Structures are given as C-alpha cells and as structure tokens.
Amino acid sequence: MAKTTTAGKTITVEQIGSPIRRPADQRQTLVGLGLNKLHRQRTLEDTPAVRGMIAKVSHLVRVVDEA
C-alpha cells in the first residue's frame, strides 16, 4: 500500500533552463514534470517522487512556491 501525503501539499516549479544538449533522461524528467518550454510553470503534488525529479534537473528548474 502506497503512502499518502497530506491533502493540499503542492509545489510550483518553473523551467528556467533549456534541455538542448542535455542527456535524454533529463529531457524525459522535464516532460514527466509537465515542463517543455522555458518559463512554463506547473503546480504538482509534493511527493518524494516529484522532489527527486526536481533534484535531478535542479539546474533547469526553480521552485516558485511551496504550499
């Protein structure tokens, strides 16, 4: 059974770097986060999986808001 997070915990990320000349797994991580163009923002559920994805591409994204 999967752990559930507290309801209402979200994190907003913005893409600030280009995936051009980056490894394919970093490009796929951005797509997994719902980002594909510069300055796009997505509000995602704050889970350990999402935190890990953000850490993997931390040089390409910034955390705008943690709610």
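1. Helices (H or I, at least four residues) and strands (E, at least two) are taken here as DSSP runs, numbered from the N terminus. The model is a predicted one, in which local features need pLDDT of at least 70 and side-chain atom pairs count only at pLDDT 80 or more, while totals for chains, interfaces and linings use all residues. Residues are numbered from 1 along each chain as its sequence is written, and side-chain values use heavy atoms, with hydrogens and water left out.

2. On these terms the protein has 2 helices and 3 strands, and their order along the sequence gives the pattern β-α-β-α-β. Contact is used for heavy atoms within 4.5 Å. Of the contacts with a separation of 6 or more, 72% are between residues 24 or more positions apart.

3. The 3 strands make an open sheet in the order E2-E1-E3, with antiparallel pairing; two strands count as paired if DSSP finds at least two bridges between them. Strand E2 (41-45) and strand E3 (61-66) are at the edges and have a single partner strand each, so one side of each is left without a neighbour in the sheet. Direction ignored, neighbouring strands of this sheet are turned by 30 degrees against each other on average. As background, strands of a sheet pair through backbone hydrogen bonds, either parallel or antiparallel.

4. Between strand E1 (residues 10-15) and E2, the antiparallel pairing extends over 5 bridges, and within it isoleucine 11 has leucine 44 in E2 as its bridge partner. Helix H2 (residues 48-56) packs on the sheet and touches E1, E2 and E3, its direction making about 20 degrees with that of E1. For such angles, axes are lines fitted to C-alpha atoms, for helices over the stretch in contact, and the angles run from 0 to 180 degrees between N-to-C directions.

5. Is threonine 29 buried or exposed? Threonine 29, which lies in helix H1 (residues 24-32), is buried, with a relative accessible area of 9%; buried means under 20% relative accessible area, exposed over 50%, and partly exposed in between (1.4 Å probe, protein chains only). Its side chain reaches the backbone oxygen of aspartate 25 at 2.7 Å. Leaving out residues up to four places away in sequence, threonine 29 touches Met53, Lys56 and Val57.

6. Arginine 21, in the loop between E1 and H1, has a positive phi of about 65 degrees although it is not a glycine, and arginine 21 is exposed, with a relative accessible area of 81%. Histidine 39, in the loop between H1 and E2, likewise has a positive phi of about 65 degrees without being a glycine, and histidine 39 is exposed at a relative accessible area of 57%.

7. Leucine 38 is also placed in the loop between H1 and E2, and is partly exposed, with a relative accessible area of 45%. Leucine 38 and serine 18 are 20 residues apart in sequence, yet their C-alpha atoms are 6.7 Å apart in space. With neighbours within four places in sequence set aside, leucine 38 is in contact with Gln15, Ile16, Gly17 and Ser18.

8. For the protein as a whole, buried residues make up 28% of the 67 residues. The protein exposes about 4600 Å², of which carbon and sulfur atoms supply 54%; these areas come from the Shrake-Rupley method with a 1.4 Å probe.

How values were computed:
A polar contact is a pair of N or O atoms within 3.5 Å; within protein, one must be able to donate a hydrogen and the other to accept it, and residues adjacent in sequence count only if both atoms are side-chain atoms.
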